[in-house]
Amino acid sequence: MKGNDFDLNKYLKACLESTTFCSIATVDPKGVWVNPVFFAYDKDLNLYFISQMHSRHMQNIVNNQRVAVSIYKTEQKDDICGTYLEGEAEAVVDSKEKIKEAYDIYYGRAGKGADMQHYLNNPTWIPVKVTPEHVYYFDTRFFGEERVEVPKEKLNL
């Protein structure tokens with residue numbers, strides 16, 4: 001990274017805020033499956049999305065929690081930035097408190113608090129939390145064509 005005063009969190013957060021969608025890659029015996037989802041995140045860069053258990057990516061997560069995530073603004077012209085994660089995904093189903101927390105983060109980003117009740121009372125939609133193990137940032141303005149790993153201990157969004 002360029003210089004000790006480079007505020008990676010600032011640029012990482014701007015990249016995350018540049019879009020509301022990400023692509024989640026999962027794997028099953030047939031191979032790799034990629035699915036776009038609306039996402040939200042917390043200060044530790046845990047990602048949250050909702051999905052239905054019958055979907056292929058959710059079935060893949062049940063059988064193998066390892067996921068890869070790609071977040072990038074699709075309308076990029078000159079400079080390109082993106083965030084990439086490797087980690088584990090889990091359906092948040094173990095307590096109403098954790099489910100509500102996941103929905104608060106998810107709907108807090110979109111400002112759709114009123115819609116939350118529909119999903120809280122609809123058991124076909126399951127919140128999912130992705131806990132990153134590795135986070136990478138790509139920004140041609142600063143790093144050319146290279147991506148840099150973001151130390152988890154330095155994440156402060």
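R141 counts as partly exposed, at 41% relative accessibility (buried is under 20% relative accessible area, exposed over 50%, and partly exposed in between, with a 1.4 Å probe and protein chains only). Its partner is D139, and the two form a salt bridge with the closest N and O atoms 2.6 Å apart; the term covers a side-chain nitrogen of Lys or Arg within 4 Å of a carboxyl oxygen of Asp or Glu. D139, for its part, counts as buried, at 0% relative accessibility. All this comes from a predicted model, in which local features need pLDDT of at least 70 and side-chain atom pairs count only at pLDDT 80 or more, while totals for chains, interfaces and linings use all residues. Residues are numbered from 1 along each chain as its sequence is written, and side-chain values use heavy atoms, with hydrogens and water left out.

In total, the structure holds seven salt bridges. One of them joins the side chains of E17 and R109, at 3.9 Å from N to O. This pair ties together distant parts of the chain, with E17 in helix α1 (residues 8–17) and R109 in helix α3 (residues 96–110), 92 residues apart. Helices here are DSSP runs of H or I with at least four residues, numbered from the N terminus. E17 is partly exposed, its relative accessible area being 44%.

Helix α3 also carries D104 and K100, four residues apart and so separated by about one helical turn. These two form a salt bridge as well, the closest N and O atoms lying 3.0 Å apart. D104 is partly exposed at 37% relative accessible area, and K100 counts as partly exposed at 39% relative accessibility.

Note on methods:
Helix = DSSP H or I, 4+ residues; strand = E, 2+ residues; numbered from the N terminus.
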